[in-house]
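We will go stop by stop, with something to select at each.

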Amino acid sequence: MDFELTEDQRAFAETARQFAQSEFAPHAAQWDEEAVFPREAIAKAGELGFCGLYAPENAGGLALPRLDTTLVFEELAAVDPSTTAFISIHNMATWMLGTWATDAVRAEWGEALTSGQKLASYCLTEPGSGSDAASIKTRAELQGSEYLINGGKAFISGAGSTDLLVLMARTGDAGAGGISAFAVPAQLPGISYGKKEHKMGWNSQPTRTISFDNVRIPASHLLGREGEGFKIAMKGLDGGRINIATCSVGAAQGALAHAQRYLQERKQFGKQLSSFQALQFKLADMATNLVAARQMVRLAASKLDAGAPDATTYCAMAKRFATDACFEVINDALQLHGGYGYLRDFPLERLLRDARVHQILEGTNEIMRVIVGRRMLDGDAPDAIR
Ligand SMILES: Cc1cc2nc3c(=O)[nH]c(=O)nc-3n(C[C@H](O)[C@H](O)[C@H](O)COP(=O)(O)OP(=O)(O)OC[C@H]3O[C@@H](n4cnc5c(N)ncnc54)[C@H](O)[C@@H]3O)c2cc1C
């Protein structure tokens with residue numbers, strides 16, 4: 001067991017750090033304030049391979065291990081969790097396309113997506129189907145050589161600004177086994193988008209509802225086989241949960257660095273804040289929790305890389321733990337800035353607002369507990385917790 005990063009991994013993380021400093025740091029506050037979707041910055045991330053980090057090589061991706069992927073997302077999220085989270089969702093959808101699309105559809109979309117020239121959304125949630133994702137009602141009916149799609153999705157990240165929708169829709173009976181996945185070009189006739197949702201955070205990426213009204217796609221746009229869509233969606237989310245957890249780790253790392261600097265600069269009672277032991281202890285606890293979260297995420301990522309049978313459980317545990325623990329780290333960092341932490345002059349309140357939704361999406365943290373608890377009681381617990 002080796003916990004050290006290789007030289008290549010360090011170099012890769014350094015590239016991401018420099019990119020985040022030059023392309024995100026000068027603009028992240030403005031993107032948040034004005035709800036700007038930074039299409040050009042995302043395309044530049046694509047030039048470095050960040051839009052197809054773990055997508056297969058035959059789709060133009062880097063096919064990196066998930067562990068290496070976390071190194072990139074962590075550095076980007078330390079500066080801008082919202083934009084990074086979008087890039088991570090795009091990576092998840094692109095991996096799904098690269099892994100399960102027919103050769104023709106992969107050839108048409110793969111390189112465009114992995115290069116960041118085109119962007120993808122992941123479309124599972126519906127107005128009446130959130131945590132109970134297997135209850136979706138959007139239907140895709142095979143008619144000759146085409147599917148006819150009707151229904152609607154809610155809360156779709158990037159919707160209205162992306163080019164491809166990785167869509168889960170019902171082709172069969174009720175339940176998970178009746179769901180299939182599709183690659184749907186985002187501008188087809190019959191697709192319409194709702195208003196941009198007003199959100200607490202994640203303002204640099206749009207979130208919208210999508211309606212499908214007699215949308216026709218060639219049958220070749222099915223991902224995998226009919227009835228495999230829920231399994232494909234959940235496999236996407238295993239990696240997606242590591243990505244989102246990593247965005248929390250990155251945001252917490254960014255917040256901690258700000259707090260560390262601030263304690264050494266700010267004086268009260270004639271002394272630097274850093275000289276108060278209560279605040280030193282706070283900093284020590286924040287660092288400890290951050291490292292615990294990061295290690296848990298890396299463990300889950302390595303489980304996924306190894307194809308371990310308990311990878312899903314570890315991904316759920318890591319997502320739950322890291323997004324909760326890191327939210328607290330960011331909140332503590334804000335507190336250490338006193339009133340200034342509450343002002344938009346500092347990035348703390350933005351990091352906090354952005355990280356809050358990580359406890360809700362890609363499966364709420366309650367659902368993460370459902371996944372872990374159910375597997376433990378089914379006798380399917382990971383070795384480490386028997
Ligand atoms: C900003 C944003 C972006 C998003 N992006 C996407 C996206 O790109 N694609 C996509 O498909 N979805 C996306 N989502 C949707 C997100 O995944 C859902 O909001 C989430 O899964 C929860 O579903 P819900 O909102 O319907 O809440 P509900 O399922 O209605 O849950 C309400 C509450 O009840 C709890 N709960 C529900 N069932 C149980 C249970 N069995 N046991 C214990 N507690 C339970 C939940 O944890 C939650 O606290 C996004 C959401 C947000 C806010």
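Select Thr312 to begin; this residue sits in helix α9, residues 311–336. Bear in mind that the model is predicted. Now show what touches Thr312. Beyond its neighbours within four places in sequence, the contacts are Asp238, Ile371 and Arg375. Pick out Asp238: its side chain and that of Thr312 make a polar contact at 2.9 Å. From Thr312 it is 159 residues away in sequence, and the C-alpha atoms are 25 Å apart.

Move to a helix pair. Select α4 (residues 66–77) and α7 (residues 229–265). Their axes come within 7 Å and cross at roughly 40°. The crossing of α4 and α7 is right-handed.

Show the side chains at this contact. On α4, select Arg66, Thr69, Thr70, Phe73, Glu74 and Ala77. On α7, the partners include Gly239, Ile242, Asn243, Thr246 and Cys247. Colour the contact residues of α4 and α7 by type: 6 are nonpolar, 7 polar and 2 charged.

Last stop: the ligand. Which residues are closest to the ligand? They are Thr125, Ser131, Phe155, Thr364 and Glu366, out of 17 that surround it.

- Thr125: a polar side-chain atom lies 2.6 Å from a nitrogen atom of the ligand.
- Thr364: a polar side-chain atom lies 2.6 Å from an oxygen atom of the ligand.
- Leu124: a polar backbone atom is 2.9 Å from an oxygen atom of the ligand.

Conventions
Residues numbered from 1 in each chain as written. Predicted model: local features only at pLDDT ≥ 70, side-chain atom pairs only at ≥ 80, totals over all residues. Heavy atoms only, no water. Axes fitted to C-alpha atoms, helices over the stretch in contact; angles between N-to-C directions. Helix = DSSP H or I, 4+ residues; strand = E, 2+ residues; numbered from the N terminus. Left-handed = near helix turned anticlockwise from the far one by under 90°. Contact = heavy atoms within 4.5 Å. Nonpolar A, V, L, I, M, F, W, Y, C, P; charged D, E, K, R; others polar. Near = heavy atom within 4 Å. Polar contact = N/O pair within 3.5 Å; in protein donor to acceptor, adjacent residues only side chain to side chain.
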